[in-house]
Amino acid sequence: MDSSLPLRRTYLPWVLEILSRLLMVCLYRIRTRGSERLPATGGVLLVANHLSYIDPALIQVACPRPIRFVGADAVRKSHPLFDWLFRQSGTLSISSGSALETTRRVISALSAGEVVCVFPEGAISRTGQLHAIMRGFELMARRARVPVVPVAHDGIWGSVFSFSGNKLLFKSPRLMPTSVFVAWGHPLAPSAATASRIRRELLDLGEEAFQERPVLRRHLARECVRALAKRPGHLQIIDRTAERRPVKAAQLLAAASALSRRLRRTIPERRVGIVLPPGAGAAIANLAVICAGKVPVNLNFTAGKAATEAALRIGEIRTVISANLMRAKVQNFPWPETTLDLREEIAAMGGKRAILPWLIAAWILPNQLYASLLGLPREGDREEAGVLFTSGSSGEPKGVVLSHRNILANCWQISSLSILPDSAVLIGCLPLFHSFGFTVTLWYPMIRGCRLVTVPSPLESRKVVEAIRDEEATVLVGAPTFLRPILKKAERSELRTLELVVSGAEKMPRELYESFQDRHHIELMQGYGLTETSPVTNVNQHNPPLLTETADIQEGKRVGTVGRMLPGMTARIVDPDTFAERALTDSGMLLFRGANVFEGYLKDPQKTADAFRDGWFVTGDLARFDEEGFLTIEGRLSRFSKIGGEMVPHGTVEQTLVEVFDLDQSEGPLVVVVGVPDASKGEALILLTSLELTTEQIRERLLAAGLPSLWVPKVIVRVDKIPVLGTGKLDLKSCRQFAAKADTT
């Protein structure tokens, strides 16, 4: 902006203000909370998140006082329209060469009693997430001696004026006005308004605003049915369980609709167990159960008889949907008396004759009418939509209750990134009793429309590779345990179509990352989540492209981290012992809050109370954020041993052993460190391994690698194979049982 432009209290011409408000009314439905917190008079500095070009208009409409904005001079100069808007709205333009002058003018405006808004990220986010907070606003507030009010808005990402989907303007228009929520924070004294404090406040307000999305109150079944009915001819699933079986959206929807009517009549209980591998059958069964007004519970058929019996008892599950072939394969499973074969149930309801009317309806009826024909409610919100039983590292498994809000929130959070667009071809090999398999490879493709290619098990590495090659898959997700064999068995040409490979469930070893890059030229993206968070909380993504001449490079990934939090989430870092809050950039216990965070364990109020602290979910992981918002997981608290007052990370010792002995873990883990009670030092380290290693070799190599003597395992327990769960994670319960037998004296 020209420095000769005078400051004035009311600088938005009434014509421009009317046009701005008309635009907002036509394109957006703006709701707000907390605007009364804004001081009625005097200078105020607003700091806001930045998601689109239309942000200033949104915030101005939600604000009871006129605002003067600070904008990038490069944007002003990029087009005559922007130059005109800057001048007419009184926007103060800032650049690296004019930063000092602009700061002086902001201080003058604040001292004159005006409201000034800055976007402390310095640019529009092209990832949809909060980036680093620059500190220039601190000087402005302190010199002007005015309060700082954080303000965050949600809902604009994905609109035509944002960079969602790595596009600007060239996006399908929304037929209905976009719902936008603006959340206002409490005024902060200039001395308290630090960059780290503002980052925390903006994350908290962003979570508050995200919770107000109308879609989160909807019913999961209705959303899936409507989405499938919108695209009846879309190839939804390619089932490669036996022979290749393509299933269109209308076929999936019709079969599930017909089956849901039968289940509604024949099953009285609320929860229905499902024991099926990933595939069209599992998708039909899950959709049919939830459309029948019941709760699907995908049971872990690898967990062992005692754990499964506990899950059936806790969930009050008397009916299980499976397949006769599955029953023959999993003989140790405690099958209840009412165990239904999916094929026989479809045949009993009339087979193709019963499905045909629903198939016709899927092609000719509007999606809303089809959902109403099934009698699906419009609202699910916090009601139970699914239950997943954790592996139970100690004692009985815990039933994680996921609500409609939880699953829909995580689907929309993932959808807001650019990693799983509707054009994606996703490999679905993770079991549906795995939280990622349940949300991301079951419900997400139905809602979003990306194609799903299913393989019965992630352990069938060759089949996974063939599915990627034959179906030209673009996205693969798996635990390091499942990705290692693929690295070893696949040729580079077979994985050429993969655009994204995400590693989750456990920490991704650096050598696995480097091996994928060297052999297949694929960069693994590490993610993070828990069953209790539906599950995804963080993920790395490719750096967003430069879409305008004025854009600066923005990072979407950072090696060694699990990425930024998904939109609509916020976090705390606390002392593991006292729960005293620490800075987000310090190491400590990680706590989460968000619409995707569950509300409690099934029939276990004590474990639920233990899982939360003042409304924050306690992850049990030690972690820290950097200033850009990337999260580093340092390990589970249960995977640290306190020896002589020092915290020893088991994962670091394991990774060092892999490196110094050059171990090939492509077929599974070969070394695991476990802590056991020790009378003299609190705990002792036990090494479980299937290799012929001696304590002398281990000590020599670890000390040479620079590890402290305290970190060297003193006892070795040899096992035939390191136990691993069906989810790909270490079976820590079994590992501890092996370690407990060791003599540490």
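Predicted model: local features only at pLDDT ≥ 70, side-chain atom pairs only at ≥ 80, totals over all residues.
Next I listed the residues that touch: Ser 461, Arg 462, Val 464 and Val 465 of helix 18 meet Pro 485, Ile 486 and Lys 489 of helix 19. Sorted by class, this contact has 4 nonpolar, 1 polar and 2 charged residues.

I turned to the other partner of interest, helix 20 (residues 510-520), which packs with helix 19 at an angle of about 30 degrees, the axes being 11 Å apart. Angles under 35 degrees count as roughly parallel, and therefore helix 19 and helix 20 are roughly parallel to each other. I recorded the crossing of helix 19 with helix 20 as left-handed. On the helix 19 side the contact involves Pro 480, Leu 483, Arg 484, Ile 486, Leu 487 and Lys 488, and on the helix 20 side Glu 511, Leu 512, Ser 515, Phe 516, Arg 519 and His 520. By class I wrote down 6 nonpolar, 2 polar and 4 charged residues for the contact of helix 19 with helix 20.

Last, I looked up the nonpolar cores, and found that the largest has 131 residues, with Leu 45, Trp 443, Leu 590 and Phe 592 making the most contacts inside it. Another core, lying apart from that one, has 27 residues, among them Leu 46, Ile 156, Val 182 and Trp 184.

Key
Residues numbered from 1 in each chain as written. Heavy atoms only, no water. Contact = heavy atoms within 4.5 Å. Helix = DSSP H or I, 4+ residues; strand = E, 2+ residues; numbered from the N terminus. Nonpolar A, V, L, I, M, F, W, Y, C, P; charged D, E, K, R; others polar. Core = buried A, V, L, I, M, F, W, Y, C linked by side-chain atoms within 4.5 Å. Buried < 20%, exposed > 50% of the residue type's maximum accessible area, 1.4 Å probe, protein only. Axes fitted to C-alpha atoms, helices over the stretch in contact; angles between N-to-C directions. Parallel < 35°, antiparallel > 145°, perpendicular 65-115°, else oblique. Left-handed = near helix turned anticlockwise from the far one by under 90°.
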